[in-house]
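My notes follow the order in which I looked.

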Amino acid sequence: MVNKDNQQTTMLRAWREQELLMLVEESSDAIARYDSEARRIYINSAPQHLAYGSPAKMLGTRPTEYPGGEQSLRYEQQIKQIFVTKQEVTFELHWNNDQGLPCCGHMRLTPEINEQGEVLSVLGVGRDITELHRARLELLQTNAEKSRFLAAAGHDLRQP
């Protein structure tokens, strides 16, 4: 009886692991796991849909190796810092995609800690917020134009 229960538990665990992997792979968010050298040891398929590049191209590389650039250096430094601080961080990251178009992402980096309190890896989740960022910039520009108009109109009204 115990052997049959163990088989059922093992089968259920395998099914759950497969289900979780499928959820991660199908996520529209870019999900990656980084080692202490900030090398990608796992990456889901979302980056190819978000114009970051193919997961195969990114696996085993650090952000500064691919895609590179100033923002990649910032991202890589954040990953390495988590191995020291053991603290989750969230921030916005701006870069140009493979076509040179500006992109914006909301990034969350979370330490994966073992029972001894050591950081084994860092889990990175990135959500493409490019359209939201563009809309926010347009709103700020519109508000600035409105303020300039109202200031000019107010000045004109005060003149004799």
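The entries below begin with how the model was read and then go through each topic.

**Ground rules.** I am working from a predicted model, in which local features need pLDDT of at least 70 and side-chain atom pairs count only at pLDDT 80 or more, while totals for chains, interfaces and linings use all residues. I number residues from 1 along each chain as its sequence is written, and side-chain values use heavy atoms, with hydrogens and water left out.

**Cysteines.** I searched the whole structure for disulfides and found zero, a disulfide being a pair of cysteine sulfur atoms within 2.5 Å. Cys103 is in no disulfide, since the nearest cysteine sulfur, that of Cys104, is 8.8 Å away, which is too far for a bond. I noted that Cys103 is buried at 9% relative accessibility and that Cys104 is buried at 0%; here buried means under 20% relative accessible area, exposed over 50% and partly exposed in between, with a 1.4 Å probe and protein chains only.

**Helix 4.** I take helices (H or I, at least four residues) and strands (E, at least two) as DSSP runs, numbered from the N terminus. Helix 4 has 16 residues, 70-85, and its end C-alpha atoms are 23 Å apart, which agrees with the 22 Å it should span at 1.5 Å a residue; the expected span is 1.5 Å times one less than the number of residues. Its buried residues are Ser72, Tyr75, Glu76, Ile79, Ile82 and Phe83. They lie on the same side of helix 4, because they cover an arc of only 110° around the axis, taken from the directions from the helix axis to the C-beta atoms. An α-helix has 3.6 residues a turn, so residues three or four places apart point the same way. The face turned away from the buried side carries the exposed residues Glu70 and Val84. Among the elements that cover the buried residues are strand 1 (30-34), strand 3 (89-96), strand 4 (102-113) and strand 5 (119-128), with contact meaning heavy atoms within 4.5 Å. Lys86, which follows helix 4, has a positive phi near 60°.

**Aromatic pairs.** I count two aromatic pairs, where rings of Phe, Tyr and Trp (its six-membered ring) pair if their centres lie within 6.5 Å, and planes under 30 degrees apart count as stacked, over 60 as edge-to-face and the rest as tilted. Tyr34 and Tyr75 are edge-to-face, at 5.8 Å centre to centre and 80° between the planes; Tyr34 lies in strand 1 and Tyr75 in helix 4, so this pair ties together parts 41 residues apart in sequence. Tyr75 and Phe91 are tilted, at 6.2 Å and 55°, and Phe91 lies in strand 3. Tyr34, Tyr75 and Phe91 form one aromatic cluster, and I find Tyr34 buried at 3%, Tyr75 at 7% and Phe91 at 9%.

**Salt bridges.** My search of the whole structure gave nine salt bridges, each a side-chain nitrogen of Lys or Arg within 4 Å of a carboxyl oxygen of Asp or Glu. Glu112 pairs with Arg33, the closest N and O atoms being 2.6 Å apart, and this links strand 4 to strand 1 across 79 residues. Glu92 and Arg136 meet at 2.9 Å, N to O, joining strand 3 to helix 5 (residues 130-158). I also recorded a network of salt bridges that links Arg39, Arg62, Glu65, Glu76 and Lys80.
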